[in-house]
Amino acid sequence: MGFKCGIVGLPNVGKSTLFNALTETAAAQAANYPFCTIEPNVGEVAVPDPRLETLARLAKSAAIVPTRLTFVDIAGLVRGASKGEGLGNQFLANIREVDAIAHVVRCFEDSEVTHVEGRIDPIADIETIETELMLADLESLERRVDGLSKKAKGGDKESRETLDLVNRALALLRDGKPARLTERKPEEEKSFRMLGLLTSLPVLYVCNVDEAAAATGNAFSQTVEERAKAESAAAVVISAKIEAEIAVLSRDDRNDYLAAIGLKETGLDRLIAAGYALLHLVTYFTAGPKEARAWTITQGTKAPRAAGVIHSDFEQGFIRAETISYADYVACGGEAGAREAGKMRLEGKDYVVQDGDVMHFRFAT
């Protein structure tokens with residue numbers, strides 16, 4: 001898996017321009033990597049990882065298969081969406097299905113592009129959307145209280161525990177704070193996720209700036225970055241116009257273009273890196289003559305669960321994992337060299353997979 005990121009924002013902030021640039025990038029990748037557009041507003045792009053090409057060269061792999069990131073372009077939100085204004089209900093349904101929110105915020109001035117609120121104020125824009133999501137969460141939780149209370153009074157332990165969680169989240173929402181700030185124990189995490197709260201999702205602010213500010217940001221984007229830092233969110237500065245121009249270029253032309261405007265990597269690459277960090281994701285690899293492939297898992301995942309990302313049979317019948325760190329794999333010239341040098345480890349069910357591990361799973365059928 002990669003992760004599914006919902007792109008949200010007010011109308012005319014550059015959200016669709018960014019999504020189109022991302023999917024153009026994906027189309028350009030199609031010559032080298034598998035790609036699919038699932039629906040008109042859903043696209044998948046390959047996650048760039050230079051380690052994969054190195055592994056493929058050493059393993060003499062016939063194909064390279066990167067992990068993928070899914071972007072969902074969610075209909076522009078307007079004030080009153082929580083009450084069904086605009087495409088409110090559709091928006092709220094779509095956003096519940098993603099792992100994180102990429103909140104595109106307008107951080108540029110352009111007299112030819114109108115702003116739905118009539119002014120350029122990225123923090124106010126953020127608060128408009130956050131307020132709508134909080135109102136939707138508030139209504140969702142308040143509808144559950146009576147039913148949970150009755151079951152809890154009847155002695156249902158699960159309902160009592162859920163009600164306690166709901167009340168903690170409600171206290172925050174009524175105070176104008178997002179549900180993600182709800183204090184909870186590790187063992188409550190699954191129950192909390194099942195509440196399906198919109199404001200419980202991690203947020204990545206995407207500051208859409210003009211071309212001149214693509215490398216350095218501007219005063220607008222700085223205010224967003226400060227807000228992100230204060231609420232333990234993430235922020236990345238991108239010029240959607242530049243991304244649209246870069247997307248259709250060849251790799252060599254793309255590098256020349258980036259160098260000319262003072263950027264080392266595309267906004268998409270930075271967006272993916274920020275998203276992975278926000279969701280605590282890591283990558284492990286499999287490599288052989290058929291293919292070199294990247295797999296994305298959550299940090300802290302143990303070997304059997306990581307194996308299950310490839311196929312459920314691998315998890316159920318897990319015996320052990322033959323594991324080589326990426327650094328050792330490269331230093332020893334591949335699997336055979338690492339094995340001879342004693343760098344291949346046999347790891348069991350309690351092994352926590354590390355970023356960059358090159359793995360081969362043994363399992364019983």
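Modeller: I will start with the sheet, move to one of its strands, then to the helices, and end with charged pairs.

First, the ground rules. This is a predicted model, in which local features need pLDDT of at least 70 and side-chain atom pairs count only at pLDDT 80 or more, while totals for chains, interfaces and linings use all residues. Residues are numbered from 1 along each chain as its sequence is written, and side-chain values use heavy atoms, with hydrogens and water left out.

Now the sheet. It is open and has 6 strands, in the order β2-β4-β1-β5-β6-β7, with mixed pairing. Strands are DSSP runs of E, at least two residues long; helices are runs of H or I, at least four long; both are numbered from the N terminus. Two strands count as paired if DSSP finds at least two bridges between them. The edges are β2 (42-46) and β7 (234-238), each pairing on one side only. From one strand to the next, the twist averages 25 degrees. Axes here are lines fitted to C-alpha atoms, for helices over the stretch in contact, and angles run from 0 to 180 degrees between N-to-C directions.

Strands of a sheet pair through backbone hydrogen bonds, either parallel or antiparallel.

Look closely at β6. Strand β6 (residues 203-208) pairs with β5 (residues 100-106) in the parallel sense, over 6 bridges. In this pairing, I101 stands opposite V203, and H103 has Y205 as its bridge partner. β6 also runs parallel to β7, joined by 5 bridges. There, V206 has V236 as its bridge partner.

β6 is mostly covered, with 6 of its 6 residues buried. Buried means under 20% relative accessible area, exposed means over 50%, and partly exposed lies in between (1.4 Å probe, protein chains only). V203, Y205 and C207 point one way from β6, while L204, V206 and N208 point the other way.

Contact means heavy atoms within 4.5 Å. Back at the pairing of β5 and β6 over 6 bridges, helix α4 (residues 122-153) packs on the sheet and touches both strands, at about 145 degrees to the direction of β5. Helix α10 (residues 267-278) packs on the sheet too, touching β2, β4 (68-73), β6 and β7, at about 175 degrees to the direction of β7.

α4 has a kink of about 35 degrees, centred on V145. The bend at a residue is the angle between axes fitted to the seven residues ending there and the seven starting there. G155 follows α4, with a positive phi near 95 degrees.

Last, the charged pairs. The structure holds 18 salt bridges. Each needs a side-chain nitrogen of Lys or Arg within 4 Å of a carboxyl oxygen of Asp or Glu. D49 and R51 form one of them, with the closest N and O atoms 2.9 Å apart. Both D49 and R51 are buried. E347 and R345 meet at 2.7 Å, N to O. Shared partners join D49, R51 and D355 into one network of salt bridges. E347 counts as buried because its relative accessibility is 16%. R345, at 28%, is partly exposed.
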